[in-house]
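Good morning, colleagues. Please take a moment with the sequence and the structure, which I will now bring up on the screen.

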Amino acid sequence: MAQNTTVQTAGHDEHHHESPVVFGFWVYLMTDCIIFGTLFATFAVLRDQFNGGPTGRELFEIGGLGLETALLLISSITYGFGMLAAYKQQISKVIMWLGVTFLLGLGFVGLEVNEFAHLIAEGAGPDRSAFLSAFFTLVSTHGLHVTCGLIWIVTLIVQLMGTTEIPERMMNKLSCLSLFWHFLDIVWICVFTYVYLGSMM
């Protein structure tokens, strides 16, 4: 009886020890919302300031943007499969789905870098106009977040390799990354609709 009480107490203490981690990450996401909200507001003010340079209608192509969006949205689904596997303690499947998510995210970043390189090669870099300055700042900030997410995924894959179970601490790490990854999806949908599609209309 005493042993059971000790186990329950340990589990209770561990729960209270780990819960602030997820709560703290929610607080971080709120600060990220403020950052992106500021960038969106800046873009809204500068979106018509072309300084004689190209407009969004002249620069953006829906085909490549559609592929970028598909890769990122599908990566959220694959990460969800990974979380389901984690709840079932299926470590090999968690690693597999994290790997698929990483490849999809890497494809997204690769397409974004290629887009930036193409725009700069055409003379439409961030120094060309206020519109392009706001565009590059907003979109590259999102891309930087995705890149950080990719590094995070690799870190978790390495930590999961060779383990036989997923402890509560690792589940919290996976849950925090899940919040972060889905948050980036929401931000990208806003970028896609407001920045890209709005500029092409």
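I begin with R47, whose charged end sits over the ring of Y194, at 4.7 Å from the ring centre. This placement comes from a predicted model, as does everything that follows. Y194 also belongs to a cluster joined by ring pairs, whose members are F40, F43, F50, F60, F108, F116, F131, F135, F136, W188, Y194 and Y196.

Let us look at the aromatic pairs. The count for the model comes to 20 aromatic pairs. Take F43 and F131: the ring centres are 5.9 Å apart and the planes meet at 50°, and because that angle falls between 30 and 60 degrees, the pair is classed as tilted. This pair links distant parts of the chain, with F43 in helix α1 and F131 in helix α5, residues 130–160, at a separation of 88 residues.

A second pair is F116 with F135, which is edge-to-face, with 6.2 Å from centre to centre and 80° between the planes. F116 lies in helix α4, residues 91–121, and F135 in helix α5, so this pair ties together parts that are 19 residues apart in sequence. Both F116 and F135 are buried.

Helix α1, which covers residues 2–46, also contains T42. The relative accessible area of T42 is 35%, which means that T42 is partly exposed. Between T42 and F108 there are 66 residues in sequence and 24 Å in space, C-alpha to C-alpha.

Which other residue deserves a look for its backbone angle? N51 is also not a glycine, and its phi is positive, near 55°. N51 is in the loop between α1 and α2, the latter at residues 56–59. Its relative accessibility is 63%, so N51 counts as exposed.

Next, the annotation. The unreviewed UniProt entry places the feature "transmembrane region" at residues 21–45, 65–87, 94–111, 131–158 and 179–197. I shall compare two of these ranges with the model. Residues 94–111 are 100% helix and 0% strand, with the end C-alpha atoms 26 Å apart. Residues 131–158 are likewise 100% helix and 0% strand, and there the end C-alpha atoms are 41 Å apart.

Finally, a word on confidence. The protein averages a pLDDT of 89, and 91% of the residues score at least 70. Over residues 1–18, however, pLDDT stays under 50, and the model has 6 contacts beyond four places in sequence for that stretch. Where pLDDT is low, the predicted coordinates should not be read in detail. Thank you.

Note on methods: Residues numbered from 1 in each chain as written. Predicted model: local features only at pLDDT ≥ 70, side-chain atom pairs only at ≥ 80, totals over all residues. Heavy atoms only, no water. Helix = DSSP H or I, 4+ residues; strand = E, 2+ residues; numbered from the N terminus. Buried < 20%, exposed > 50% of the residue type's maximum accessible area, 1.4 Å probe, protein only. pLDDT = per-residue confidence, 0-100. Contact = heavy atoms within 4.5 Å. Phe/Tyr/Trp six-rings, centres within 6.5 Å; stacked < 30°, edge-to-face > 60°. Lys NZ or Arg CZ within 6 Å of the ring centre and 35° of its normal. UniProt positions renumbered as here; feature names shortened; annotations may be inferred.
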